[in-house]
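Me: I have a chain here that is new to me. Can we go through it together?

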Amino acid sequence: MSAEKMNRRQLVALAAGAAAAGTTMGSTSAEAYQGNMERALSSLFNALASLREATSNKGGHRVKAMALVQQAIEQTQAGVEFANEHGGSGAP
């Protein structure tokens, strides 16, 4: 489902699922808690929800912003997964 078609309730459910997945992923010893990345994900989900609630009279910029925030969410999640797969190192 695209970010444009998600309502606030679906976004909250998705965020809760991501948080639950993060808790589950953090349960093994090789995976380190990614606090900054988790906070970034939370902020990104909040930003996406705010953009969704904004009026659509933005000349396409709101839609583009939602797509970019969704891309940022995906990249942040990929970064967390990468760190978990590679020992949770603090290296960039």
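**A buried loop residue**

Reply: Gln-34 is buried, with a relative accessible area of 15%. Buried means under 20% relative accessible area, exposed over 50% and partly exposed in between, with a 1.4 Å probe and protein chains only. This is a predicted model, where local features need pLDDT of at least 70, side-chain atom pairs count only at pLDDT 80 or more, and totals for chains, interfaces and linings use all residues. Residues are numbered from 1 along each chain as its sequence is written, and side-chain values use heavy atoms, with hydrogens and water left out.

Me: Where does Gln-34 lie?

Reply: Gln-34 is in the loop between α1 (8–25) and α2 (35–53). Helices here are DSSP runs of H or I, at least four residues, and strands are runs of E, at least two, numbered from the N terminus.

Me: And which residues does Gln-34 touch?

Reply: Leaving out residues up to four places away in sequence, Gln-34 touches Val-80, Ala-83, Asn-84 and Gly-88. A contact means heavy atoms within 4.5 Å.

Me: Which residues of α3 are buried?

Reply: Val-80, Ala-83 and Asn-84 are among them, as are Met-66, Val-69 and Ile-73.

Me: What about the span of α3?

Reply: Helix α3 (residues 61–85) has 25 residues and should span 36 Å at 1.5 Å a residue; its end C-alpha atoms are 36 Å apart, which agrees. The expected span is 1.5 Å times one less than the number of residues.

Me: Changing topic, how many helices and strands does the chain have?

Reply: The chain has 3 helices and 0 strands. Of its 92 residues, 24% count as buried.
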